[in-house]
Amino acid sequence: LLKNEDNLLPFPKTLPRLLVAGTPADDIGYQCGGWTISWMGAPGPITKGSTLLEGIREAAEDTAVIYDPASEQTTRAEVGLVVLAEEPYAEGMGDRFDLHLTPEQLALLDRVRQRVDKLVVLLFSGRPLIVTEPLAEWDAFIAAWLPGSEASALGKVLFGERPFTGKLSFHWPRSMNDIPLGSTDAEPLWPLGFGLSTAAAFAD
């Protein structure tokens with residue numbers, strides 16, 4: 001958990017509506033990445049398992065979960081959760097010279113932002129992406145990495161049945177000038193060891 005304005009997370013059980021957007025929210029292939037069932041991995045139901053969306057619906061209880069992958073509807077919600085992901089990759093086939101979010105991802109974020117009061121972004125990836133500029137529009141940000149075939153477990157963390165406790169094992173780059181990590185004296189977006197905890201809320 002790298003950003004959590006006004007302790008938005010964990011979601012309260014009394015949350016009326018949660019808008020979930022982004023195809024990766026309900027896609028096992030995205031949450032697994034490469035080196036899984038096949039070398040490069042692939043989007044889609046590549047193996048048995050459970051998705052983040054399934055876990056959210058199970059943990060939400062009385063919250064109405066509105067799943068709108070491309071945010072094409074007009075229904076408003078108190079909170080929006082946008083799930084972003086990199087395309088599955090392995091080895092040099094996944095090399096990128098620009099780790100910014102794609103125009104399509106930024107457009108999705110903009111559409112959801114207009115429909116919600118608070119915006120949470122959750123990222124499936126095998127490496128940090130450059131999120132410095134769009135981060136200002138997000139109320140909370142979660143680096144979920146590649147949780148594998150049972151991403152439904154994240155639903156328990158989002159709704160406070162388990163706490164966020166993870167810490168970064170490296171500096172998170174502020175810009176592409178910071179790649180490779182630690183290659184400059186610039187201040188990272190988040191330093192080694194950073195990570196917010198919701199353990200206090202969990203204990204309550």
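This is a predicted model: local features need pLDDT of at least 70, side-chain atom pairs count only at pLDDT 80 or more; totals for chains, interfaces and linings use all residues.
How much space lies in the largest pocket? About 390 Å³.

**View A. The largest pocket and its lining.** Welcome to the largest pocket, which is lined by 22 residues. Look for Tyr 30, Ala 85, Glu 87, Thr 102 and Gln 105, the lining residues that lie nearest its centre. S4 and H3 are the elements that give two or more residues to this lining. Of the elements, H3 gives the most, with 4 residues. Sorted by class, the lining has 11 nonpolar, 5 polar and 6 charged residues.

**View B. The second largest pocket.** Here the space comes to about 250 Å³. The lining is made by 17 residues, and Leu 1, Ala 143, Trp 145, Phe 164 and Gly 166 are the closest to the centre. Two elements give two or more residues each to this lining: strand S6 (140-143) and helix H4 (154-158). By class, 13 of the lining residues are nonpolar, 3 are polar and 1 is charged.

View C. Glu 86 sits in the loop between strand S4 (77-85) and helix H3 (103-113). Is Glu 86 buried or exposed? Its relative accessibility is 7%, so Glu 86 counts as buried, the cut-off for buried being under 20%. Setting aside neighbours within four places in sequence, Glu 86 is in contact with several residues, including Tyr 30, Arg 96, Phe 124 and Leu 129.

**View D. The pairing of Glu 86 with Arg 127.** Side chains of opposite charge can pair when their charged atoms come close. Arg 127 and Glu 86 form a salt bridge, with 2.9 Å between the closest N and O atoms. This pair links distant parts of the chain, 41 residues apart: Arg 127 is in the loop between S5 and S6, while Glu 86 is in the loop between S4 and H3. Both Arg 127 and Glu 86 are buried.

**View E. The salt bridge between Asp 68 and Arg 115.** The side chains of Asp 68 and Arg 115 meet in a salt bridge, at 2.8 Å from N to O. Where do the two partners lie? Asp 68 is in the loop between strand S3 (64-67) and S4, and Arg 115 is in the loop between H3 and strand S5 (116-124). The pair links distant parts of the chain, 47 residues apart. Asp 68 is buried, with a relative accessible area of 4%, and Arg 115 also counts as buried, at 6%.

**View F. The salt bridge between Arg 76 and Asp 117.** In this view Arg 76 forms a salt bridge with Asp 117, and the closest N and O atoms are 3.2 Å apart. Arg 76 lies in the loop between S3 and S4 and Asp 117 in strand S5, so the pair ties together parts that are 41 residues apart in sequence. Arg 76 is partly exposed, with a relative accessible area of 41%, and Asp 117 counts as partly exposed at 48% relative accessibility.

**View G. Salt bridges across the structure.** How many salt bridges does the structure hold? There are 10 salt bridges, among them Asp 68 with Arg 115, Arg 76 with Asp 117 and Arg 127 with Glu 86. Salt bridges that share partners also join Lys 13, Glu 61, Lys 156 and Glu 161 into one network.

Key:
Residues are numbered from 1 along each chain as its sequence is written. Side-chain values use heavy atoms; hydrogens and water are left out. Buried means under 20% relative accessible area, exposed over 50%, partly exposed in between (1.4 Å probe, protein chains only). Contact means heavy atoms within 4.5 Å. On a 1 Å grid over the protein atoms alone, a cavity is a set of points where a 1.4 Å probe fits but cannot get out, and a pocket is an open set with protein on both sides within 12 Å along at least five of seven lines; lining residues have an atom within 4 Å of a point. Grid points are joined across faces, edges and corners, and a volume is the space filled by probe spheres set on the points. Ala, Val, Leu, Ile, Met, Phe, Trp, Tyr, Cys and Pro count as nonpolar, Asp, Glu, Lys and Arg as charged, and the others, Gly among them, as polar. A salt bridge is a side-chain nitrogen of Lys or Arg within 4 Å of a carboxyl oxygen of Asp or Glu.
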